Each structure stands twice: as structure tokens, then as C-alpha cells.
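Subject: Structure handover

Hi,

Here is the structure I promised to pass on to you. Please have it open while you read, as my notes follow below.

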Amino acid sequence: MTFPLFQTPLDLAHHFWRALLKPGDIVIDATCGNGHDTLILAQAALTADSGRLIGYDIQEEAIALTRERLTASLLPEQLSRVELYCKSHRDLDDNLHDGTVALIVYNLGYLPGSNKQLTTKRETTLQSVRRALSLIKPGGVLSITCYPGHAEGAIEEAELLTLCSQLQANEWSCCHHRWINRRQAPSLLIIQKEKK
Ligand SMILES: C[S@@+](CC[C@H](N)C(=O)[O-])C[C@H]1O[C@@H](n2cnc3c(N)ncnc32)[C@H](O)[C@@H]1O
């Protein structure tokens with residue numbers, strides 16, 4: 001028996017993503033970083049002729065690393081279905097229609113080993129998440145990993161929890177996962193839209 005079943009909120013998040021995604025889905029990685037999460041999304045959603053993956057990061061270096069990681073593991077046909085943008089997720093792609101995206105992933109905070117000033121910020125994150133809620137299709141999910149161990153991350157998490165607690169329970173399932181015997185532990189918000 002594996003102990004613990006899930007070591008981190010990201011382990012848990014990956015478990016949910018794999019259970020949810022089907023080949024051909026539209027997915028967004030709002031914080032590509034090193035591209036580890038982007039690759040998991042790509043492998044689950046993209047085929048040679050279906051699916052779409054859109055990725056964002058404000059750092060050129062992150063976009064380059066992500067592109068490199070995807071290029072090493074995906075078929076050229078899958079790669080042609082990926083769009084990576086070096087820009088803020090504040091304004092998620094205007095070309096996407098509301099109610100069409102299966103999964104939108106935020107792994108908040110800063111890139112480990114990189115400039116800590118380039119962390120996600122509450123104002124842009126909240127604006128982006130509000131737009132993300134309208135993009136999600138019925139049954140689709142927003143997955144947000146929060147890092148309350150640093151000052152900006154603590155406020156960001158608190159404001160996200162306030163936003164989620166105000167969503168209608170008959171339209172949204174909002175669940176906050178946290179290890180309660182670890183101090184300032186990262187946490188995972190899973191927000192699912194009702195399947196009509
Ligand atoms: C914790 S890292 C993401 C790790 C990544 N998911 C992975 O698998 O390696 C957070 C990333 O968010 C990026 N970021 C910060 N603010 C952003 C914004 N407004 N829009 C998009 N990306 C942002 C940072 O540059 C950083 O690379």
C-alpha cells in the first residue's frame with residue numbers, strides 16, 4: 001500500500017485531471033512554468049487530429065522550457081495543436097467560446113529557483129479565474145494549486161476561497177483540499193461546473 005496516497009496537492013491534481021480529460025478536449029495551462037503540468041495536459045487531451053492546448057506564462061524562459069519539453073515527448077501532429085503565449089493569463093484567449101473548455105489549470109506562485117518577484121498576483125489571478133469560469137464547459141473543471149506559505153500567496157488563496165464560496169451550489173461544486181497536519185501547506189481548489 002502506498003503511503004501517503006498523494007504526497008502533494010499537485011499529485012492530487014494530476015489524479016483529477018487524468019480522470020476528467022478525454023482525447024479531443026480543449027485545455028488551458030494558465031501558468032506553464034517548466035512545462036511539467038502542460039505535458040500531462042497535452043498527453044491526455046491531444047491526438048493527431050483533435051484537441052487543443054493553450055498555455056500562458058509571463059516569462060520567455062518558461063515558455064521556451066515548456067516548448068522544449070513538449071517537443072521532446074509529443075508527436076509533431078499533437079504539437080501543432082499547442083499554442084503557447086508569453087503573456088499574462090489576465091486576458092484568456094478571446095478566440096475561445098464560452099462553455100467549451102474541459103480543464104483550466106493554475107499552479108500559482110513563482111517558478112522554483114527563479115525570480116520570486118515574478119509570482120502570480122491576486123488581482124490578475126482573480127480576474128483570470130472569473131473569465132475562466134465562463135469558459136468552462138458543463139462537467140469541466142478549474143484546478144488551482146495555491147501556495148499560502150508566502151505573503152502574496154496567502155492573500156491570493158484567501159480571495160479565491162471567498163470567490164468560490166459565493167458560487168451557486170446548484171451550478172458549481174467547489175472543493176478545497178488541504179493537508180491539515182502540515183504548516184502553511186499548499187492547497188488545491190477543484191471547481192467543477194454542473195453537467196446539465
Ligand atoms: C509555480 S510556477 C508553475 C509551474 C508549472 N505548472 C510547472 O509544471 O512547472 C508559476 C508560474 O506562473 C507564472 N506566472 C506568474 N504570473 C503570471 C501571469 N499573470 N500569467 C501567466 N503566468 C504567470 C510564473 O512565471 C511561473 O512560471
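**What I found**

Pro4 sits in the segment before H1. The peptide bond that joins Phe3 to Pro4 is cis, with omega at about -15 degrees. Please keep in mind throughout that this is a predicted model.

**The sheet**

Seven strands make up an open sheet with mixed pairing, and their order is E3-E2-E1-E4-E5-E7-E6. Strand E3 (82-86) and strand E6 (172-178) are at the edges, and each has a single partner strand, so one side of each has no neighbour in the sheet. From one strand to the next, the twist averages 10 degrees.

Two helices can be described by the strands they meet. Helix H1 (residues 9-20) lies across strand E4 (101-107), E5, E6 and E7, and runs at about 20 degrees to E7. Helix H2 (residues 36-45) also packs on the sheet, where it touches strand E1 (26-29), strand E2 (52-57) and E4. The direction of H2 makes about 175 degrees with that of E1; angles over 145 count as roughly antiparallel.

**Helix against helix**

Two packed helices are described by the angle between their axes and the distance between the axes. Here are two such pairs.

Helix H5 (residues 122-135) and helix H6 (residues 151-165) pack with their axes 9 Å apart, at an angle of about 30 degrees. Angles under 35 degrees count as roughly parallel, and H5 and H6 are therefore roughly parallel to each other. H5 passes H6 in a right-handed crossing. Which residues meet here? From H5 come Arg122, Thr125, Leu126, Val129 and Arg130, and from H6 come Glu152, Ile155, Glu156, Glu159, Leu160 and Leu163. By class, this contact of H5 with H6 holds five nonpolar, one polar and five charged residues.

The other pair is H2 with helix H3 (residues 60-73), whose axes come within 9 Å and cross at roughly 40 degrees. The crossing of H2 and H3 is right-handed. On the H2 side, the contact is made by His36, Thr38, Leu39, Ala42 and Gln43, and on the H3 side by Thr66, Arg69, Leu70 and Ser73. Sorted by class, the contact of H2 with H3 has three nonpolar, five polar and one charged residues.

**Two loop residues**

Ser88 is in the loop between E3 and E4. Is Ser88 buried, partly exposed or exposed? Its relative accessible area is 27%, so Ser88 counts as partly exposed. Leaving aside residues up to four places away in sequence, Ser88 touches Tyr56, Ile58 and Thr124. The C-alpha atoms of Ser88 and Tyr56 are separated by 6.5 Å, although these residues are 32 residues apart along the chain.

Gln184 belongs to the loop between E6 and E7. Its phi is near 50 degrees, a positive value in a residue other than glycine. Because its relative accessibility is 54%, Gln184 counts as exposed.

Happy browsing, and do write back with any questions.

Best wishes

Methods. Residues numbered from 1 in each chain as written. Predicted model: local features only at pLDDT ≥ 70, side-chain atom pairs only at ≥ 80, totals over all residues. Heavy atoms only, no water. Axes fitted to C-alpha atoms, helices over the stretch in contact; angles between N-to-C directions. Helix = DSSP H or I, 4+ residues; strand = E, 2+ residues; numbered from the N terminus. Parallel < 35°, antiparallel > 145°, perpendicular 65-115°, else oblique. Left-handed = near helix turned anticlockwise from the far one by under 90°. Contact = heavy atoms within 4.5 Å. Nonpolar A, V, L, I, M, F, W, Y, C, P; charged D, E, K, R; others polar. Pairing = 2+ DSSP bridges. Buried < 20%, exposed > 50% of the residue type's maximum accessible area, 1.4 Å probe, protein only.
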